[in-house]
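Here is a short briefing on one structure. Look at the sheet first, then at one strand inside it.

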Amino acid sequence: MPIRPRQTRKPPIKTQRPDPVAGVDLTFACDCNTVRGALIGVSPHNGNRVDCYCHDCRAAEVYAGQPDPAPDPVGIFQYKPDKVRIDAGQDQLAVFSFSDKGVLRWQARCCGAPLFNTLRSPKIAFVGIRTDRVSDATALGPVVSRAFVRKANGKRGHDGLRHALFNFASNAITARLTGRWKQTPFFDAATGEPVSKVHVVSAAERAALVLPDVQPPQA
Ligand SMILES: [Zn+2]
Ligand SMILES: [Zn+2]
């Protein structure tokens with residue numbers, strides 16, 4: 001019998017890769033269920049879950065007829081506008097801002113529920129959706145950033161901002177390069193105008209919103 005070189009057994013080739021992060025579709029709705037829709041393909045890796053302790057987020061709640069959230073934050077999931085699908089109540093989207101260049105704060109006209117934040121231009125594709133509006137907030141992953149918390153020097157600052165900024169920038173740049181920024185339920189892409197007329201809250205109205213002084217948590 002010829003001597004054959006001894007065959008060493010190779011480990012089987014792994015053809016199965018770890019699952020790509022499969023996103024899920026999460027429904028959302030206003031309090032009275034008139035405005036409803038879904039976030040498509042959500043995973044903790046394609047958006048940022050942020051807790052914001054800033055005065056404007058608090059004031060926006062109170063302006064929208066909600067209780068002051070402090071000392072709790074306002075929970076926001078930063079995501080891609082082209083992955084927000086509005087199934088009903090699009091005509092009930094109202095929008096206000098605390099200045100003529102400020103963040104747009106979208107709420108449901110029917111019941112007042114705060115729903116989204118966007119920037120002023122659709123070209124920077126960004127939406128923040130209130131985490132307490134989605135059907136299963138655990139699918140959004142853990143909070144990766146806390147905004148406007150108290151730093152050791154007593155000033156307000158952010159935790160985990162680098163991570164959040166990276167995700168935000170890569171989402172926005174991809175949307176710009178691919179033209180996906182034009183797919184948004186919040187703006188007319190041709191004119192760049194919001195789909196609802198922006199109500200700019202006057203300084204007097206803003207000042208009338210009573211916000212007791214509540215310290216945010218330590219960073
Ligand atoms: Zn805020
Ligand atoms: Zn409603």
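Two strands pair if DSSP finds at least two bridges between them. Strands (E, at least two residues) and helices (H or I, at least four) are DSSP runs, numbered from the N terminus. This is a predicted model, in which local features need pLDDT of at least 70, side-chain atom pairs count only at pLDDT 80 or more, and totals for chains, interfaces and linings use all residues. Residues are numbered from 1 along each chain as its sequence is written.

**The sheet**
- Nine strands form an open sheet with mixed pairing, in the order β11-β10-β3-β4-β9-β8-β7-β6-β12.
- β11 (156-159) and β12 (198-200) are the edge strands, and each pairs on one side only.
- From one strand to the next, the twist averages 25°.

**The helix on the sheet**
- Helix α2 (residues 161-178) packs on the sheet and touches β3 (48-52), β4 (74-79), β10 (145-150) and β11. Contact means that C-beta atoms, placed from the backbone, lie within 7 Å.
- The direction of α2 makes about 130° with that of β3. Axes are lines fitted to C-alpha atoms, for helices over the stretch in contact, and angles run from 0 to 180 degrees between N-to-C directions.

**Strand β3**
- β3 and β10 pair in the parallel sense over three bridges. Asp-51 has Arg-146 as its bridge partner in β10.
- β3 and β4 run antiparallel, joined by five bridges. Here the partner of Asp-51 in β4 is Gly-75.

**Strands β8 and β9**
- β8 (residues 114-118) pairs with β9 (residues 127-130) in the antiparallel sense, over three bridges.
- Phe-116 stands opposite Ile-129 in β9.

Note on methods
Chains are lettered from A and ligands numbered from 1 in the order in which they are written. Two residues are in contact if their C-beta atoms, placed from the backbone, lie within 7 Å.
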